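Have it open while you read, as I jump about a bit.

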Amino acid sequence: MPNHASRRSLLTAAAALAAVAASGTASTALGPAAPDDPRSPGWSPDGVAGSHPDRARLRRLVARMTLAEQVGQLFVSRVYGHSATEPEEADAAQNLARFGVRTAAEVVTRHHLGGVIYFAWAHNTRTPHQIAALSRGLQRAALAGGARIPLLLSTDQEHGAVARIGKPATLLPGAMALGAGGSTADARRAARIAGTELAAMGIRQDYAPVADVNVNPANPVIGVRSFGSDPRAVSALVAAQVRGYRSAGVAATAKHFPGHGDTETDSHVGLPVMRHSRAVWEELDEPPFRAAVEAGVDAVMTAHIVFPALDPSGDPATLSRPIVTGILRERLGFQGVVVTDALDMAGVRQKYGDDRVPVLALLAGCDQLLNPPDLALAQRAVVAAVESGEIARERIEESVLRVLELKARRGLFEEASPPDGEVDRVVGVPAHLAAADEIAAGTTTLLADPGGLLPLDPAERPRLLVTGTDPPSPTGTTGPPTVVLARELTALGCRAEAVAPGRAVAAAPGHAAVLVCTYNVPEGTSPQRALVTELLATGVPVVVVAVRNPYDPARLPVCAAELATYCWTDVEMRAAARVLTGAARPRGRLPVPVPGRYPLGHGLTY
């Protein structure tokens, strides 16, 4: 955010924000610098994590806060509704049941929240303009009462398979697609665009990039969310994205420490165990997190996984002092904010109760406590732990200081909410949409084309049948992928039709090729394998388009051609259509090996 020649004290600035609430703006009226103003000259909102030049001033601010206000700063919670003050009745009922108040703004003030995380299922992310208005309303609530500290608003906008905000915002290729592209410049550019649009909506922390090295094809929760299986390549792309987000004024969050890439359990529903030795961890899992720290990442998110080689206690990493403090803080030298993964996930709730988990996370060395299932219970437990002496008050103040430093680095004490008109200026603008297509153009991977079927020649007006699996859109605003692929092929000059799998075999004769979109084909027999087998029996050439995991071709009969797109969103389907028709040369290279079929780095071109 821009610096200003004159500044006023933090509390006066907060009061000014509250005073203009009725006007709908949340930007700060700034005057002469005062001794306790963390926005004085000497720091940059583009700075990196570490000791803040105005730490003494922030310390005085922390010291003026009550214990309840300090504890509140450490919590990041969901809220329900599209509006801070005027929720729909169903959302008001959810807020009342979960938090004892009807509006999101009241949740913020009652619980002295330091941050809010946005979810589509909580109805926070309908449209960019609505999100910006929600952000302004929540900031007004935070700045009008209690400690008068701006919120750090956050979401999971990884792009690709995990995204909370859909069109008309720009949707970019996800991590494994970027890994296939192999360009750190494109990774940084994607993060800058993503961050710029998030900031325009008032979101200043993104829970991205994923720094896990995915070496397990059976990993049910990471997969294409990872940049790949090569720790060096993953490290370079993670660092590039950290810098890209920072250039947009948004805090990046490297996750899930100490590494979630070789698990077979989803920590949302169970407690995974990482079996890597310490030596393997140092070689495989550690490098991307070290690269993120060296790139100045603002935050690191912990994983709800047991890692016996790093801590034999059986505690998940989120609650492990040897992992959070001993390794992340002391070995890697990370000085920024450590945020837990969501505390409502099963992985962190199996060994301890919901009242103990936040206390143990703080004792382990975490700073931000993300989305506890019972916010009031969690806050009471932390306050009680401080009052009993289990947690030192100084330990709480240390984490609050880190959170405030992060907010200061990202400019929130200068301007808590984006200026009016920022959404129209940057969100989903033609330049960003064009950049998304340009980046995606380098990601589609041609795995096989033994008979030279590709590229298809649009000049011959080939009749194409598109079928297969249509997974739900990550944001609810794209797809279905078979329909999008058929539409894009037709726009490029082909005659393409999308049909349901049940009609595909009967419809196949007479077509130049059948394109089958596959999605996470399991080992052994499956409906997707049966469909491909039956289509091959028609004699029509079959092209497999793996729209999520690139491992699908190894679990299917050999086909006329095989492609991997790494995601099924529209931007990747457009890129695939261009490769299929020769409008673009395939340039992607496998960022993971496909066991029994293709090595790491494999990829063909025309």
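**Notes on the model**

1. Let me begin with Thr 569, which counts as buried because its relative accessibility is 6%, and the cut-off for buried is under 20%. Bear in mind that this is a predicted model. Thr 569 sits in the loop that runs between strand S14 (561-564) and helix H20 (570-580). Looking past its neighbours within four places in sequence, you'll find Thr 569 in contact with Gly 160, Pro 474 and Thr 478.

2. Next, the backbone. As a reminder, most peptide bonds are trans, and most residues other than glycine have a negative phi. Please look at the bond from Phe 257 to Pro 258, which is cis with omega near 10°. Pro 258 belongs to the loop between strand S5 (251-257) and helix H10 (278-294).

3. There is also a cis peptide bond from Leu 454 to Pro 455, this one with omega near 0°. Pro 455 is in the loop between strand S9 (445-448) and strand S10 (463-468).

4. That loop between S9 and S10 also holds Arg 461. Arg 461 is not a glycine, yet its phi is positive, at about 50°. With a relative accessible area of 42%, Arg 461 is partly exposed, since that class lies between the 20% and 50% cut-offs.

5. His 123 is another non-glycine residue with a positive phi, here about 65°. You'll find His 123 in the loop between strand S2 (115-118) and helix H6 (128-144).

6. Now for some helix packing. Two packed helices are described by the angle between their axes and the distance between the axes. For helix H2 (residues 55-64) and helix H14 (residues 393-409), the angle is about 125° and the axes are 10 Å apart. The crossing of H2 and H14 is right-handed.

7. Which residues make the contact between H2 and H14? From H2 come Arg 55, Leu 58, Arg 59, Leu 61 and Val 62, and they meet Glu 397, Val 400, Leu 401, Leu 404 and Glu 405 of H14. By type, the residues of this contact are six nonpolar and four charged, with no polar ones.

Key
Residues numbered from 1 in each chain as written. Predicted model: local features only at pLDDT ≥ 70, side-chain atom pairs only at ≥ 80, totals over all residues. Heavy atoms only, no water. Helix = DSSP H or I, 4+ residues; strand = E, 2+ residues; numbered from the N terminus. Buried < 20%, exposed > 50% of the residue type's maximum accessible area, 1.4 Å probe, protein only. Contact = heavy atoms within 4.5 Å. Axes fitted to C-alpha atoms, helices over the stretch in contact; angles between N-to-C directions. Left-handed = near helix turned anticlockwise from the far one by under 90°. Nonpolar A, V, L, I, M, F, W, Y, C, P; charged D, E, K, R; others polar.
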